Amino acid sequence: MSALIVAYLLFIPPVNGYANNGDFDRAIYVNGLYRLTGKPYYFFTYMVQKYGIMQYFNESSAALFSSQPLFIKAAIGLNMLVYSTKVFDIRFMGLIYYVLFLGGIYLLTEALTFPSKRWRNYIIALMVVFVFADSSYTLYFNSFFAEPGMFVAMLYSFSSILLLARHRFKRRWPMVLLFFISTVVLITNKQQNAPLALGFALTMLSLLFVFHKRAEKLYVILGTVLILASGVATYALITKTFNNINEYQSMTRGVLLKAKDPEKALMQGGIDSQFALTRGQTYFDRYSPIDVNSKYMKKHFTDKFSFMWILKYELTHPSEFGALLNLAAKDGQLTQVKAVSDYTKSAGQPKYAQTHYFTGFSTIMGAFFPRTFAFYVLIAFAFIGVYAFGAYHGIRDGDPEMVVRLALIIANMAIIFMTFIASVIGDGDADLAKHLFMVPLCTDLSLALLVSDLLNHRLWHVFEIRGGQR
Amino acid sequence: MKKRFGPILLLMLTIFSLLSSVSVTASASQVSRAPRVLLAYDSENRANDDQTKIDAMQRLLTSLNLEVHTIRIDQYHAGDIKRLHFKAVITMVNWSQAKLTTSDFAHDRAAFKGLKLHIGPSMATDERQSLGLTLSPRYHQQYWLSDHTSSARQLLSFSESLAVTTQTPATVKTFGTLVPQSQNAKKVPYGVINGNSAYLPYLTANGLSFIVASRLIARFFGHTATYAPLLTITDVTPFTNMDLLHKLATDLENNGIPFAISTTSISVNTDLPAYKRFTSELQWVENHGGVVFLRTPVVYYPKASTQGQLKQLMQTQIWRLIDRQVFPVGLSAPNYWNQDLVYRPAALSYSNNVILMQNPSETKNADADNTAGVYKQAFYGLQEQSLETVHNGTNLAQTDLSFSSPTAVTMTMPDSQKDLTGLVKRVSAAKVSWLDPSAGKFSGTTTVANQRAHYRNGNYYLNGQLTVVPTYNPPKQTKPAPVTPTGALNTFFSVDGVFLFFFMIVSLIVLLAFYIVGRQVYWRMFKKK
């Protein structure tokens with residue numbers, strides 16, 4: 001069902017996807033693609049389906065270290081194999097993610113339903129389709145954004161750990177490997193994902209409850225260390241330019257935007273109060289009173305603060321930090337990128353046109369999910385409380401699944417909070433909807449787990465097959 | 001009654017709209033019907049930085065109130081010289097080896113009877129005939145350029161080949177003298193004008209060569225006046241150290257040096273005290289021998305369709321400044337803004353005074369049209385550093401130079417007290433008679449919406465009314481708190497450790513507890529067996 005729904009969206013004309021908001025350029029040139037010359041190219045207003053494949057030496061270097069090129073290179077390879085060596089059709093990008101997505105959806109459904117064989121599982125399967133085949137997620141496939149990589153990787157990561165805990169397969173190492181690879185791909189996909197390594201490391205560590213042999217435990221610990229290392233590497237390999245952009249916007253569109261007295265905020269941090277006049281500016285303002293990259297700006301402004309400076313400031317000004325987090329929470333469930341079009345120009349739609357095809361779940365969540373940060377705190381406590389009770393039973397009854405599930409939920413909640421914090425600290429209120437991508441995804445996965453566990457009556461106990469067999 | 005009032009009302013509206021349009025035309029900065037000059041070049045030759053010569057020529061010609069049309073020779077359309085009624089054709093050769101000429105251009109130039117100036121090597125036959133002088137090649141020479149007017153001299157860089165005029169009849173006007181270092185070789189004139197033709201063997205965008213070349217070009221177009229340079233402090237922004245700006249204005253006034261500042265401004269955040277402080281310092285400048293030029297913003301990503309955005313931005317900036325009783329006497333911009341169909345009307349059309357600065361290494365045109373705007377008064381922005389040629393001859397900065405076109409000698413806003421002291425010292429030591437905006441013919445008008453700020457004889461007028469710039473009253477500012485130096489790791493553990501890992505540590509403790517309990521339960525199971 002997912003295959004049909006998503007294939008219709010991505011591959012059948014009019015082709016849908018997301019238009020370029022400027023971020024594509026970071027991904028296309030380093031991977032040997034370019035905007036076709038002699039043909040109109042659109043930013044925001046329309047998505048562009050065809051790109052050129054460089055036939056000459058590519059001198060572009062990556063603006064940031066990322067696992068995203070793995071997906072793009074695969075798509076280009078497939079495109080060159082079956083379509084053209086000179087023109088790239090973005091549907092091949094969509095096809096790569098689509099195939100991976102279908103595998104992920106299968107594993108997720110299997111993880112949420114195994115080992116029960118009840119009619120209720122059809123409801124769970126339908127729910128999975130309704131939630132995760134939502135176009136707000138799948139539109140990303142036909143784009144050069146990094147998010148679709150995160151989406152499919154998260155599906156695999158979440159499902160594989162659950163399948164391991166539920167002993168779906170006799171051979172456990174393929175699932176461990178799948179969890180490890182998908183997690184590392186997810187963490188290294190985007191700079192903002194670096195802190196998420198902590199959450200995934202916790203999940204990996206919980207496998208100590210599943211494996212009992214010394215050698216297996218050693219591998220689990222090694223995997224945990226490697227996941228943490230991938231987070232550190234992602235952070236450490238952020239290019240200076242990329243860092244400067246984010247730091248600048250964290251200050252101008254974060255600290256200064258919400259500060260009651262922006263001049264005082266700067267002066268307390270040892271920065272000339274005149275820079276309060278950068279309040280609300282972005283790094284990419286078309287017209288600016290000063291070159292953001294100038295020596296003067298570096299010497300007197302951007303070199304005088306760091307993410308730590310901003311974090312310290314936010315922590316010492318909880319009301320302003322809270323306001324920023326609430327601002328972020330407003331966008332917490334908005335998965336569909338509203339700033340860009342979902343159609344090509346040839347589709348005959350107006351500029352910035354958005355598709356409403358199969359967007360029921362994201363529309364409901366966007367409209368009804370409470371838009372305050374406090375609600376996320378509340379929901380986190382509720383989830384952890386419910387699954388902690390289950391984990392207690394699990395430990396008492398010797399069922400490691402329950403502990404792993406708790407770790408998974410804790411990790412999901414941690415990812416939600418870290419994403420919120422990393423977004424407002426890392427880039428202020430700029431591009432919030434995109435930066436918060438992991439928030440709705442983790443919320444949806446946690447909710448799907450909760451609903452499936454409720455339907456199969458295994459919230460606090462391991463599922464029991466008729467006859468009392470576990 | 002209605003029938004009678006209708007036509008009267010219509011007539012009044014017509015008169016009012018006519019009057020409005022008249023006032024708009026009067027306040028518009030661009031001078032129409034200025035003589036047209038075609039500047040045709042063969043190549044920008046960026047490897048040799050020769051685009052700076054084109055930039056210099058464009059600005060120089062604009063400062064002489066000429067309408068410059070710039071074109072690369074291979075893009076010339078046949079018949080344009082005649083069709084556009086050019087007063088003069090300037091041929092600039094920057095890359096003679098490429099031989100980038102077209103027969104169309106050469107043919108039209110040969111037929112052209114107006115003023116012809118050739119700059120650089122490879123003078124064509126028709127130009128030689130017009131000039132009527134013999135050019136002799138000189139190989140492997142290094143010259144001193146000597147200028148009798150200013151008694152200055154400058155050592156030029158080594159030249160492999162230079163075509164010079166060895167015989168100059170009395171009717172030929174010469175400018176500067178090239179003195180060869182080898183004693184056997186003969187002194188020759190640098191630039192020559194012979195009737196309707198002129199020749200410069202080379203051009204540089206700075207130093208004594210430029211001063212002499214600009215004199216030749218000014219005379220060639222009939223300008224005989226000399227101009228005192230306007231000292232202009234550039235790179236002032238709303239983020240500049242306001243204490244330094246305050247002190248700079250004070251020190252310059254104390255040394256009797258009139259000056260101008262070229263500053264960018266902002267259209268948002270004008271409610272913040274920092275903006276009030278910025279404008280208070282600009283008022284201080286206005287009250288202490290200085291005038292303010294509003295600098296156009298820095299362009300990050302040019303786009304033709306954003307003309308409206310730029311227009312709105314500029315108008316708001318000017319309006320806000322006037323509201324704070326800061327009256328810009330003109331505008332300043334890099335030269336490429338004046339060669340752009342988008343920028344010119346949206347940003348440079350509010351004043352009759354413009355300072356054209358040297359282009360940055362990367363220009364960001366929105367829609368380059370290469371037809372320069374003309375203004376009542378356009379200053380050629382000349383970096384003061386480019387006059388510092390003490391190692392190669394006379395220190396021009398300490399020479400009583402007179403300029404042949406309105407010139408703004410620019411100095412960058414100092415960034416420290418040490419820089420400020422150095423700047424004031426250098427300016428005070430200069431033998432230049434600086435242009436005093438508060439005296440003489442200098443005037444400036446900036447108009448936006450219904451606000452018209454005018455400056456003349458040291459007085460500011462707002463919509464015709466004499467206005468007194470308020471005395472200095474900035475908002476209170478405390479100094480930035482000194483930052484105690486701490487190690488990066490200290491900060492990391494004190495801040496990040498507390499918050500970012502808090503959640504995870506608690507979770508780990510919970511998991512550990514479960515693990516311990518779990519193991520106990522597990523062992524208990526064995527014990528039972």
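Residues are numbered from 1 along each chain as its sequence is written, while chains are lettered from A and ligands numbered from 1 in the order they are written. In this predicted model, local features need pLDDT of at least 70, side-chain atom pairs count only at pLDDT 80 or more, and totals for chains, interfaces and linings use all residues.

**Exercise 1. Work out how many residues each chain gives to the contact between A and B.**

Step 1: Look at which elements take part, with helices (H or I, at least four residues) and strands (E, at least two) being DSSP runs numbered from the N terminus. On the chain A side, those giving two or more residues include α9 (197–205), α17 (373–397) and α18 (400–427). The largest share, 5 residues, comes from α18(A).

Step 2: Sort the chain A side by type. Ala, Val, Leu, Ile, Met, Phe, Trp, Tyr, Cys and Pro count as nonpolar, Asp, Glu, Lys and Arg as charged, and the others, Gly among them, as polar. You get 26 nonpolar, 8 polar and 8 charged.

**Exercise 2. Find the strand of chain B that pairs with β4(A).**

Step 1: Strands pair if DSSP finds at least two bridges between them. Here 2 bridges join β4(A) to β15 (residues 298–299) of chain B, and the strands run antiparallel.

Step 2: Pick out a partner: A:Tyr287 is bridged to B:Val299 in β15(B).

**Exercise 3. Explain why β20(B) is largely enclosed.**

Step 1: Call a residue buried if 20 or more other C-beta atoms lie within 10 Å of its own, exposed if 12 or fewer, and partly exposed in between, with C-beta atoms placed from the backbone. In β20 (residues 443–448) of chain B, 5 of the 6 residues are buried, so the rest of the structure largely encloses this strand.

Step 2: Follow the pairing. 6 bridges join β20(B) to β21 (residues 451–456) of chain B, again antiparallel, and B:Ser443 is partnered by B:Arg456.

Step 3: Check the turn. The two strands form a hairpin with 2 residues between them, and B:Ala449 in the turn has a positive phi of about 50°.

Definitions and conventions: Contact = placed C-beta atoms within 7 Å.
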